2 protein chains.
Amino acid sequence: MRVLVCQLNPTIGDFSGNADKILSSLEKARKESAELALFSELVISGYPPEDLLMHRHFVEESERVLHEKILPATKGLAAIVGLVRKNPNKGEKPLFNSAAIIFDGKLLGFHDKILLPTYDVFDERRYFEPGREIKLWQICGKKVAVFICEDIWEHAALVGFTQYFRDPVKEVAPFHPDLALNLSSSPYQFQKPELRLHVSCLAAKTLRVPLVMCCQVGGNDQLVFDGYSHVVNGEGKTVFMARGFEEDRSLVDLNRLKVPLAPHLDPMEDLYRALVLGTRDYFYKQGFKKGCLGLSGGIDSAVVACIAQEALGKENVLGISMPSRYSSKGSVQDAEELARNLGIDYLNISIEKPFTVYLELLEPHFQGKPWDVTEENLQARLRGMILMAISNKMGYIVLSTGNKSEMAVGYCTLYGDMAGGLGVISDVAKMQVYALARWINRNREIIPASSLTKAPSAELRANQKDTDSLPEYPVLDAVLQGYVEDFLSPQEIADKHHLSLNLVENIVRRIHLAEYKRRQGPPGIRVSKKAFRVGRRYPIVQKWK
Amino acid sequence: MRVLVCQLNPTIGDFSGNADKILSSLEKARKESAELALFSELVISGYPPEDLLMHRHFVEESERVLHEKILPATKGLAAIVGLVRKNPNKGEKPLFNSAAIIFDGKLLGFHDKILLPTYDVFDERRYFEPGREIKLWQICGKKVAVFICEDIWEHAALVGFTQYFRDPVKEVAPFHPDLALNLSSSPYQFQKPELRLHVSCLAAKTLRVPLVMCCQVGGNDQLVFDGYSHVVNGEGKTVFMARGFEEDRSLVDLNRLKVPLAPHLDPMEDLYRALVLGTRDYFYKQGFKKGCLGLSGGIDSAVVACIAQEALGKENVLGISMPSRYSSKGSVQDAEELARNLGIDYLNISIEKPFTVYLELLEPHFQGKPWDVTEENLQARLRGMILMAISNKMGYIVLSTGNKSEMAVGYCTLYGDMAGGLGVISDVAKMQVYALARWINRNREIIPASSLTKAPSAELRANQKDTDSLPEYPVLDAVLQGYVEDFLSPQEIADKHHLSLNLVENIVRRIHLAEYKRRQGPPGIRVSKKAFRVGRRYPIVQKWK
């Protein structure tokens, strides 16, 4: 059986554009004599459409595309296409997350997703009724089991905060399918491609047949879908792997499965490419081209500049150095050198004048109170204001450069360095930012070495160091990982890393206190197991910690 | 049967404080010879705890409070207390939203919430497994049906985007209870108290017995709980109603139900009190006392100032007029007069100097491009910066004054007038802001009459009027209601209000385009059926409209 694995990058709600991609894929399938074209979960609308699903016309449009555009284009071909459809029965929720099973212009029926993830970034129980039935489909003379994404994850016991009552893989095994297909929209997180492959392997091994997983690719708001569609054989060995982080429509002949591959996955390269794709799609899918960012000379803005240059092209990126009386000469030089290395546009706009004016303006109202964080925030906000003015006047989107570690504990200024349309590395912890920088510099020095070696500083007062206010980053990041990603208690974290309970509790308290800041931060690209905001929903007002 | 209806205001995760409130209520119950003390849904942890529920220790602490503090305090008394507990069985989710049924220091068992709202502001399927069983409890010689909140709403067919398979009211009716109890945490929205009463009446009528509903009261982040616990008799008539918007522990003797009341509910007064309570609890529960806001002389900031003064006390509110070259004399006078009428502190800080400095600083980089929205945003951001500096230095929380209509279409400046810790009226549409202002002025002129009568203007350029950029507010608000709250299509809205389809589609497009701004707005107090952000989750990047 010849299968075209159609790994597409749909845009949410772009029914016309998404349909075009699907139709051209069907055309390609026919040209290449494929018998089956396999698409990803909710490919007609893009995943996840969120509350757009509550508009009746949105769902009707999805069904209209299926019936009026896709069905007529499948003459002589089988196709399996993910879409939202109305739940025709009485049910708690009025929609199904479905796969339309199509053969030769006719709709054979639907497989409705059985396991609906409702944890972390997933809200499927908000919209969908779980499918009830799992059965085999007769397609091109084969008995085919069709799954949608999560349907095979319970089998690997890799679901979050959930233990489903059903395991569709186990349920269908006794019926001895010849082939298993999975339509996925599984968002990237660090080392998720490896995990997803593992899940497919387990399912294929249980079913003892090849499994083809077709994945969505592309960035949609905070989520990046990495692609990496694949085929595993009945022994659970990978025999095909599509490209990561780009569209891919590869033909796989299941009768001639190749020898097992050792899939080449470089976690650091994947992380970098996820950030690049997340940035690019955030811009392009909204019709924007140009991005600007503040270049402090530090490691965070350097890494973001590299990502932006890769995502948007050097001619579309503007770096702005905005020194104050506290900026070291070295920092401005590092910023300049980075811009030169990347070939991006560069401006230097001092904030000294407006800073002085504001200090004078406010002084009478400060009642003689001493210099404090107010004046530091002021500098950060004066910079945010410059970036936003350049953005408004010249059509740039501002890229925010804060990392996850500082966002976690609120070591950042609302409306200052937190300003921007997209938080490029806001889900990347500081130590991982360093790792990314080293990866970027693996062949030649793009990021100036001194940005990597100097002690991190916000340079908002004389001789300031991050460690004046924060623990060393390796410690901070370990606590962050333990509390935010692994839900350990402070005591458990202290024990695990041989830290004082007091230190851990202090960091945990700061994580909760900074919730109000993060609530107003720009959307950030999710690349970790547990990203602030999109997958982590905490009250601002609470007294737990 | 004598029931103490314990309408409390818990703080999320404040196990010690919440337990104290529960224990003192049990003490009061004993003193007043009540036989039963009834509490609200999840009273031990406060509702909604969101992802705090994913911390094992959080759930264990909730159960510990029940066993170690509450049980021993119920000697000679029945009590029904809402809490999260572990799901001891295999289940899709590891928790139950439960009511502990207690008599004389002993735990008789749990009623687990059967219907789990997962729509709008509710995410209960994210955490909880639905309860299976509905049975009668033998309490003080009576057969008692216990429900938790949503359990009785399907019976009224008043749930959102959902049609449950079960109707616990109908299920329990054949067993002929003597009494029905409901533990609720039902958030306020405009005219929700009336709706909730209606729901109770329907359930009581079907069961033909009195129903006692105990509601949570207080503000938790964006949600305000209005209280208004009540008792309806078996004919569905209201016989008792607790106070709205404050704690209330009233004794109700079910053997001596009074003659039916005609509950006095003034929707505009309720709206005002919801905003006051939401503001007060946002401050007090975080340990803040003082709020500041920009006073433009317009209607929005005037209404917010009134709410702040009521919530925090006049000595804790600072209004700041920040005129520019475009501010009319009348506006500054109106701001001054309002501050005088309210007795709040008042400052006047002109933004002319920093505005001039910024124009000069940026001019070389603007490449001769004409004056546009950039300079308007600049003014708004200069003001935001002053408010934030005063906030940082003097310990005020900034109150954001934007209304729902302008937030809807993005007629507001990120990091400018959108800056602040709390969006007090960000869920109040402009025409409702006028109605609130008239209500505030019902006895005497607090808000200067000219703030109500002059044409709304942002005063960011000469002779600017809101209607230069927006349709008339009655039109805008009607479209907003149709699209955001009622999920009508543009065509349906155009037909309903006799508007051109083009106009409606233009507004709808702007609503979607402004999603990126709202994502970074301050949390706002939810008072409508469909509030941006907390109950409305849309992608930023999408091409649906």
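**Exercise 1.** In this predicted model, find how many residues of chain A are in contact with chain B, and which helix of chain A gives the most to that side.

*Solution.* Start with the count: 75 residues of chain A are in contact with 74 residues of chain B. Next, look at the elements of chain A that give two or more residues to the side touching chain B: they are helix 2 (56–70), helix 8 (352–362) and helix 9 (373–394). Helix 9 of chain A gives the most, with 12 residues. Finally, sort that side of chain A by class: 36 residues are nonpolar, 19 polar and 20 charged.

**Exercise 2.** Work out whether strand 12 and strand 13 of chain A run parallel or antiparallel, and find which residue between them takes a positive phi.

*Solution.* Strand 12 (residues 230–232) and strand 13 (residues 238–241) of chain A are antiparallel, joined by 3 bridges. To see the pairing, find A:His230, which faces A:Met241 in strand 13 of chain A. Then follow the 5 residues between the strands of this hairpin; there A:Gly236 has a positive phi near 80°.

**Exercise 3.** Trace the order of the 5 strands in the open sheet of chain B, then say which helices pack on it.

*Solution.* The order is 17-16-15-18-19, with parallel pairing. Strand 17 (345–348) and strand 19 (422–423) of chain B are the edges, each pairing on one side only. Strand 16 (residues 317–321) of chain B meets strand 17 through 4 bridges, and B:Leu318 has B:Asp345 as its bridge partner. Helix 6 (residues 299–312) of chain B touches strands 15, 16 and 18 of chain B, at about 170° to strand 15. Helix 9 (residues 373–394) of chain B lies across strand 15, strand 16 and strand 18, running at about 150° to strand 18.

How values were computed:
Residues numbered from 1 in each chain as written. Chains lettered and ligands numbered in written order. Predicted model: local features only at pLDDT ≥ 70, side-chain atom pairs only at ≥ 80, totals over all residues. Contact = placed C-beta atoms within 7 Å. Helix = DSSP H or I, 4+ residues; strand = E, 2+ residues; numbered from the N terminus. Nonpolar A, V, L, I, M, F, W, Y, C, P; charged D, E, K, R; others polar. Pairing = 2+ DSSP bridges. Axes fitted to C-alpha atoms, helices over the stretch in contact; angles between N-to-C directions.
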